[in-house]
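Hi everyone, thanks for coming. Please have a look at the structure on the screen, and I'll walk you through a few parts of it.

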Amino acid sequence: MIPVRCFTCGKPISTAWEEFRVRKEKGEDPKKILDDLNISRYCCRRMLLTHKEIIDELNPYQ
């Protein structure tokens, strides 16, 4: 689950996550994707680039 807002600046970033993930899985360059999504601040870019989905790994322990 991606955070709703960037931890540093507070800009909403969760709306861009799904498109970023899909396009990255197709093999597009992450820099181009983030530029297309108008994610220009390095703190927001960091949030999307370094996010790892672990919810499926944690579900068996609920």
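Leu 58 is partly exposed, because its relative accessible area is 44%; buried means under 20%, exposed over 50%, and partly exposed in between, with a 1.4 Å probe and protein chains only. A word on where this comes from: this is a predicted model, where local features need pLDDT of at least 70, side-chain atom pairs count only at pLDDT 80 or more, and totals for chains, interfaces and linings use all residues. Residues are numbered from 1 along each chain as its sequence is written, and side-chain values use heavy atoms, leaving out hydrogens and water.

Back to Leu 58: you'll find it in helix H4, residues 55–58. Helices here are DSSP runs of H or I with at least four residues, numbered from the N terminus. Together with Ile 54 and Tyr 61, Leu 58 makes a nonpolar surface patch of about 350 Å². For such a patch, residues need over 30% relative accessible area and no salt bridge, and nonpolar side chains (Val, Leu, Ile, Met, Phe, Trp, Tyr) are joined within 5 Å. A salt bridge would be a side-chain nitrogen of Lys or Arg within 4 Å of a carboxyl oxygen of Asp or Glu. The areas come from the Shrake-Rupley method with a 1.4 Å probe.

Now, how many aromatic pairs does the structure hold? There is one. The ring centres of Trp 17 and Phe 20 are 6.1 Å apart and their planes are at 35 degrees, so this pair is tilted. To pair, ring centres must lie within 6.5 Å; planes under 30 degrees apart count as stacked, over 60 as edge-to-face, and the rest as tilted. Trp 17 and Phe 20 sit about one helical turn apart, because they are three residues apart in helix H1, residues 14–25. Trp 17 is buried at 10% relative accessibility, and Phe 20 is buried at 1%.

Last stop: the cysteines. An unreviewed UniProt entry annotates Cys 6, Cys 9, Cys 43 and Cys 44 as "binding site". They spread over 39 residues of sequence, yet they cluster in space, with a largest C-alpha distance of 7.8 Å. Keep in mind that such annotations may be inferred rather than shown by experiment.

Cys 6 is in the segment before H1 and is buried at 4%. Beyond its neighbours within four places in sequence, its contacts (heavy atoms within 4.5 Å) include Lys 11, Ile 13 and Cys 43. Cys 43 belongs to helix H3, residues 42–49, and is buried at 9%.

Methods
Patches are made of residues with over 30% relative accessible area and no salt bridge: like charges are joined within 9 Å, nonpolar side chains (Val, Leu, Ile, Met, Phe, Trp, Tyr) within 5 Å. Helices (H or I, at least four residues) and strands (E, at least two) are DSSP runs, numbered from the N terminus. Rings of Phe, Tyr and Trp (its six-membered ring) pair if their centres lie within 6.5 Å; planes under 30 degrees apart count as stacked, over 60 as edge-to-face and the rest as tilted.
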